[in-house]
Amino acid sequence: MRTQVAIIGAGPAGLLLSHLLHLKGIESVVLESRSREEIEATIRAGVLEQGTMDILTEAGVGERMKREGALHHGIELSFGGRRHRIDLSELTGKAITVYAQHEVIKDLVAARLAAQGSILFGVSEVSPQDIDTDNPSVSFLHAGEKHMLRADFVAGCDGFHGVSRPAVPESVRQDYQRIYPFGWFGILVESAPSSDELIYVQHERGFALVSTRSPTVQRLYFQCDPKDSVDNWSDDRIWNELHTRLENSDGWRVKEGKIFQKGIIGMRSFVSTPMQHGRLFLAGDAAHIVPPTGAKGMNLAVGDVKLLSRAIEAFYRKSSGELLAAYTDHALKRVWRAEYFSWWMTSMLHTFADASPFQQQLQRAELENVVNSRALSTALAENYVGAF
Ligand code: RFL
Ligand code: PHB
């Protein structure tokens, strides 16, 4: 088997890379360990930056997103029992769209298959080989048979737990990491939206987030112990906790409904550098993780593959390796800014068990500053919509 670019992982990064390359006449094969049904049903991100929407639209996969996604012109920050609106559009001229990641995945898989793109689902024992030569390959098992996919490049788009990042030798790799002492309890609820916009809540019992998926399905999160178990949380206990954290002086209450999915996610900040080694290039969560408070993860994955597809195109069209050589530097500039923003939002909005009373007062003062200063609100808004 031979192709131009062997792509490991059919998440947003791998699928979009494959599609962007196809639009430039470059062939790829995507190797995915899970089934199509599984990747199309995994609940993850929800917020798309304007730039992400533009890339998906230009790539011809934005039609359903435009129709079914909800355009949001602001977000709210809630603390001290009061909500404060950050007008994203007035401050930046841009907006965000709430459209679930697994819907983006469905649109990308459909587009790849309609264009006779090759995605192999259910592969195992995936292993990048000879990446420091001009003839790299990926070995894998598919339907019980061993295969070797030869390529000019290998793109590691296999997420945080994939096999690509470990293929970069430890001697050249530097990892930066922070693990937070809390997680998010996430639920999906059958109900109408409680709010027209996302609400990020700072409360002494911990952070909470009111998000949405559709006119009939809502997404809610609250800060929890990352080692807690969903079995400890009855529906009643969840609603009590949410009502307490979301209690508001204007009498607004979150709408209850049938909870049909519960899960706990850990929170980390992580960057691995370099994002390339020989003919192996990492993109998305394979190279970096942000805590979800800034809603940046999928947007960073999309940003990476936009850069990578351009660099690969320049290699084939102009025989130039310049953009490929600069890939890590170009990608990490944006990544580190998003790392900073996500860390900042996380620190400002979560409850830290070891915070002194002094630190708690500073946290509140910071929130007051952000909502009362146009300069600071603008800085938050620019980062949130990805205005750079
Ligand atoms: P993914 O999505 O993890 O995809 C990797 C794919 O690779 C496959 N794979 C392998 N395939 C073959 N061989 C192997 N050895 C393999 N190992 C793994 C996996 O099965 C998978 O299909 O990585 P990618 O493409 O880099 O995309 C990253 C995003 O998924 C991630 O950053 C976001 O979901 C993060 N995130 C959010 N990002 C946003 O931009 N906005 C948000 O609002 C937002 N909210 C979130 C989030 C992530 C969350 N969780 C669950 C971590 C909310 C949550 C709750
Ligand atoms: C979501 O809807 O899943 C979501 C929204 C905003 C975030 C994180 C997750 O910051």
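In this predicted model, helix H11 is the element that gives the most to the lining of the second largest pocket, with 7 residues. The space in this pocket comes to about 570 Å³, and of the 24 residues that line the second largest pocket, those closest to its centre are Gln202, His350, Gln359, Gln360 and Gln363. Helix H11, which spans residues 357-372, and strand S5, at residues 75-79, each supply at least two residues of the lining. By residue type, the lining of the second largest pocket divides into 12 polar, 6 nonpolar and 6 charged residues.

Strand S5 also takes part in an open sheet of 8 strands, whose order is S6-S5-S14-S15-S16-S13-S17-S20 and whose pairing is mixed. The edges of this sheet are formed by strand S6, at residues 82-86, and strand S20, at residues 288-289, each of which pairs on one side only. Strands of a sheet pair through backbone hydrogen bonds, in either a parallel or an antiparallel manner. Within the sheet, strand S13, comprising residues 174-190, runs antiparallel to S16 and is joined to S16 by 8 bridges; in this pairing, Leu188 stands opposite Arg219 of S16. Helix H12, made up of residues 374-385, lies across S5, S6 and strand S14 (198-201), and the direction of helix H12 is at about 125° to that of S5.

A further set of antiparallel pairings involves strands S9, S10 and S11. Strand S9 is joined to S10 by 4 bridges, the two strands running antiparallel, and Ser124 has Leu141 in S10 as its bridge partner. Strand S10 pairs in turn with strand S11, at residues 145-150, in the antiparallel sense over 6 bridges, with Ser139 having Met148 in S11 as its bridge partner. The hairpin of S10 and S11 has 2 residues between the strands, and Ala143 in this hairpin takes a positive phi near 50°.

Several other backbone features are found in the loops. Most residues other than glycine have a negative phi, and most peptide bonds are trans. Asp130, in the loop between strand S9 (124-129) and strand S10 (137-142), has a positive phi near 50° although this residue is not glycine, and Asp130 counts as partly exposed because its relative accessibility is 44%. Ala295, which lies in the loop between S20 and helix H8 (297-318), likewise has a positive phi, near 55°; at a relative accessibility of 17%, however, Ala295 counts as buried, since that class takes in residues under 20%. The peptide bond from Thr273 to Pro274 is cis, with omega near 0°, and Pro274 is placed in the loop between strand S17, at residues 258-273, and strand S18, at residues 276-277.

Lys227 belongs to the loop between strand S16 (217-224) and helix H7 (235-246). With a relative accessible area of 75%, Lys227 is classed as exposed, because the cut-off for that class is over 50%. Although Lys227 and Glu247 are 20 residues apart in sequence, the distance between them in space is 26 Å, taken from C-alpha to C-alpha.

Terms used:
Residues are numbered from 1 along each chain as its sequence is written. Chains are lettered from A and ligands numbered from 1 in the order in which they are written. This is a predicted model: local features need pLDDT of at least 70, side-chain atom pairs count only at pLDDT 80 or more; totals for chains, interfaces and linings use all residues. Side-chain values use heavy atoms; hydrogens and water are left out. On a 1 Å grid over the protein atoms alone, a cavity is a set of points where a 1.4 Å probe fits but cannot get out, and a pocket is an open set with protein on both sides within 12 Å along at least five of seven lines; lining residues have an atom within 4 Å of a point. Grid points are joined across faces, edges and corners, and a volume is the space filled by probe spheres set on the points. Ala, Val, Leu, Ile, Met, Phe, Trp, Tyr, Cys and Pro count as nonpolar, Asp, Glu, Lys and Arg as charged, and the others, Gly among them, as polar. Buried means under 20% relative accessible area, exposed over 50%, partly exposed in between (1.4 Å probe, protein chains only). Two strands pair if DSSP finds at least two bridges between them. Contact means heavy atoms within 4.5 Å. Axes are lines fitted to C-alpha atoms, for helices over the stretch in contact, and angles run from 0 to 180 degrees between N-to-C directions.
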